[in-house]
Amino acid sequence: LSGTDTSPTQTTNDTEIPISHSPKVYNQFMSNNILLDHFTKIFLHLRRAVVLAHRGGHWTLLQNACRELWNYTQELQLIANHSHSHKEAFPISRGFLRNTIWLPFYLASDMIIDMITELQASGSLKIVDPEGDFCIPSCLGGVMYENGGSNLHPQSPLDDVNVVDLKWICNLILKAIELLYQMKKWEALVHIAVQFNIFTHERYTEQVSPLLVYAQRQLLERIQQFSGPDSHEPRFIKYLCDNAHKMSCRNYIGQKLQLPVAHSASERIFPGCFCYPEMKNDYTDRSQVKALVHVPLDVNDTLKCFRETLQKSKYHSRALRHSRKLLSLFLAHTQGILEINNQRDLKVQALHELGNLHFYAGNKRAAFKYWCQALDETLNIADALSNWQELGFPKNATDCSAVGRSTDTSQKFLSQAGVWGCLHAAVLVAKIAQYITTSKMRLRTKYCYFSAVLFKTLFRASLPHPTSDCDFAQYEINVLIPGIDLFSDRYRADISTVVASLNFIMFELHCAKQNLIILPLFTLYQYIVSEICKDPTKCIEGRIFKINVLTDIGFFTEAFHELSLLNCGERIPSKIPAGYRKIEQMKALKKFDSSKSLLHVTNLQALEDIFNWSLSLTMVPLCSQQIVNKLTLAKMHFIICLSATINNIPEKVEKHIYSVDNKSLRETSRITASNVKVDADKNSRQQEQRDTMVQLVCKDELNMAMLKGILLMEAEESLSHLVQNIQDKYDGEISRCAAEDLEALIEAKLQLAAISQQRHQAAL
C-alpha cells in the first residue's frame, strides 16, 4: 500500500476507498476490507448451508437456512439503502449487495422448488390441484384458487406453516426473480420462473410471466448476436418449437432438452446454439459459450399459456390486486364486486383501505364511515362500536353475579371473527379512537378498552396462555399461536400498524388509569418487537413503560424485576444474528419482596441497587440520552410510589450517614481484588460513577421515617440533576427543547412536585 505505484483510489468490490499514507485513512481502508470480507463470507456460508441441507434432504434445515438468508438480506438492504450518507462507516452499496446475494437466492429458490417437488411426490404435502396440463400436481393450487388476498380466517395451505411456509416460499422465489432481473441473469431467471409457474400452476403468472417473456427474448437476441453469420440458429429455434417432445413452459421440471445425435465428436448439429455438456470446455471462444442455452425459449408458448391462465382467473381477484396497485382509486367499486362474489373477508380489507384513503385525503367523516362498516362486517355485529359489550354480557345482567356468569367476551370474539378478524378489528378501533374521537375523551377511553379486549383475544387462540390480566405481569412468550404466521400478508395484518396501535392503546389506557388490562398488551407488544421485529429500541422503551405501569398498579416486585432485566440487558433482541444479545456474566438477579418489610435486608439491597447500578455493557450502546432519561424517570417513579406506601412523615437525614465516598470504595475494592478472589455477589452489583454510593444495609438506627426521607432525598437529587442537564443543553431556553426532552423535563417537574407533596410542602 505504501509503494510509489499505488493509485490514489483503489476500487474494492465495487466500493471506492481512498488510500493515502495517512494512518487514519489506512486504518479506515483496512477496516472496510475486513467488513467487506466478513460480509461476503456471511453469504458464502449461507449458500453452503443451503446446498448441504438440500443434498442431505434435510428439508427443515433447508427452510431455516433460507430463512436466515432472507433475514440477513432484509436487514442489510435496509442499511444499504441509507449507506450513501454513511459511506465511510458502511462501504457496502446496493449494487455490491445485489452482486453478492443473487447467487445464494438463485440456489435457494432452485432447491426450495426441488424440495416442494420431492415432498409432493412423497405425499408429505397435500395435493390441492392435480396435474392437468402441467407435469406435476400443485400443493398450492392454481389461479382458480386465488382470490386476490388473504381471508381473515386461516386458509389451507397458505396459512399452514407446520411442514412448509408456502406464502413465505413464494415471496422468497419472487425476490430471487427480482434479483436475477436486476442482474440480467436471463437464463437463470427463465429457469426459476418456469419452475415456479409449474409448481404454483401459474397462480402468480401476472407477476412472473411478463419477466419470463422478457428474459426469453433477451436470450434469443443473445443467441442471434453471438451465433455468427453462418449460424444455424433459425433451424435450432424451429427444432425447439416443432419437436413433438419439446420442452415447454409446463413440462420443464424433470425434463432435458433432447437434440439430434451427432455422428462424430467433431460434428455439431446446430453450431453456436447448443452443445453437449461434455464438449462445453472445447469452446474457447467466449462468443460461442454465450450462445448456449439450456432453458425453454418458446416465447409464443409462454404467451399462449399466459393468456389461457388469465382466462381462468377470477375477475374480483384481479380487480382487488389492481386496485391496490393503483392505491385503491377503484376500491369503492371493487368492494361491491367482492360482495357479489361472496368474498366478505376481502371486502372488509377493501373497506379498511378505502377508509385509510379518505383519512389521508382529509375527509375524516368518510374515513369513519368506512372504518365502521369494516368493523361491523369483521365482527358481524351491527354498530359494533356501541353494541360490542352485548356479545359477552346478557341484556338483563343487572348485578355483578350475572355479569360474572356471562360468557367470556374475548372467546366469543375469537369464535366469531377468527384470529385475523380480531386483530383487524383491534386496529380499526384503535384508528377510530386515535384519529376520530380526538375531543371526546370518555368515548376515546371506551374505544381503547374495546381495542384492548380485541387484542387480548389472540391469547385465546392457543391453550397455554393465562386468562387473567394480572397473570401477565411477568409473562413473556416466544410463540404466540403455533403453526401460524400472523403477519404473512400485510393487507391482512400490517406489523408496523399493529405496533403503532398497541403503543397508542397502552398509552391512552395508562393515562386513564386503566392499567390492569394493559398487562396482556405488554406481553403481545414485547413478542412482536422482540421476536418478530428484533427491534432493541422498541423493546427497551416498552419495558420502561411497563415499569411505570406496574409501579402505578402497586406491583412493586414485578416492577423491580423488569428494572433488573433492563439494567443487565436481559432479553434484548439482536437483529444480526437472530436471537437475544449476549449479556456479561452475572449472578442471579436481586429480588424485591413486597410481602416483607421495606427494612428487610433483601429489600434494602434492592433499593441500594436502584440508586447504585449502572447500565450493563450490553445496554450502553443501545441507549440514547432520551432513553437514559426515561429510565431514570422510571426508577425515580418507582422510588416515589414506594415511598408513598410508608405512612410516616419523612425524616431529614444527613447524606454522610447513609452514603460512602465512591473513590475510597473503588480503592478498597482494588486492594481487595489483588489479594483475594472477589465474591460473585459483589461483582454482580455494578456501580455508577457517582461521587457517593447509597448504603442502607447494616444501619441499625434505620427506621421507616428515616428510610422515607432517604428515598425522597435521593430521588430529588437524581431528578434535579436530570432537569439541570436538559436546561443546560438548551442554555435555559425551554422553548427550544426537543419534544422528547420537553416531555422528560415536565415529567421530572411533576415527580419533584410529588416529592414535595409527600413532605407536606408546597410544590415548586
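Helices are DSSP runs of H or I with at least four residues, numbered from the N terminus, and the views below are taken from a predicted model.

**View 1. Phe196 and Phe199 share helix H5.** Both residues belong to H5 (residues 186–199), where they are three residues apart, about one turn of the helix. An α-helix has 3.6 residues a turn, so positions three or four places apart point the same way. The ring centres of Phe196 and Phe199 are 5.7 Å apart and the ring planes meet at 70 degrees, so this pair is classed as edge-to-face, given that planes over 60 degrees apart fall in that class. Phe196 is buried, with a relative accessible area of 0%, and Phe199 is likewise buried, at a relative accessible area of 0%.

**View 2. An aromatic cluster is formed by Phe359, Tyr360, Trp371 and Tyr435.** These four residues make up one cluster, while a search of the whole structure finds 20 aromatic pairs.

**View 3. Two arginines sit over aromatic rings, Arg490 over Tyr491 and Arg492 over Trp420.** The charged end of Arg490 is placed 4.4 Å from the centre of the Tyr491 ring, whereas Arg492 lies over the face of Trp420 at 3.7 Å from the ring centre.

**View 4. Helix H2 covers residues 59–80.** With 22 residues at 1.5 Å a residue, H2 should span 32 Å, and because its end C-alpha atoms are 31 Å apart, the model agrees with that expectation. The buried residues of H2 include Leu62, Cys66, Leu69 and Trp70, and also among them are Tyr72, Thr73, Leu76 and Ala80.

Notes
Residues numbered from 1 in each chain as written. Predicted model: local features only at pLDDT ≥ 70, side-chain atom pairs only at ≥ 80, totals over all residues. Heavy atoms only, no water. Helix = DSSP H or I, 4+ residues; strand = E, 2+ residues; numbered from the N terminus. Expected span 1.5 Å × (residues − 1). Buried < 20%, exposed > 50% of the residue type's maximum accessible area, 1.4 Å probe, protein only. Phe/Tyr/Trp six-rings, centres within 6.5 Å; stacked < 30°, edge-to-face > 60°. Lys NZ or Arg CZ within 6 Å of the ring centre and 35° of its normal.
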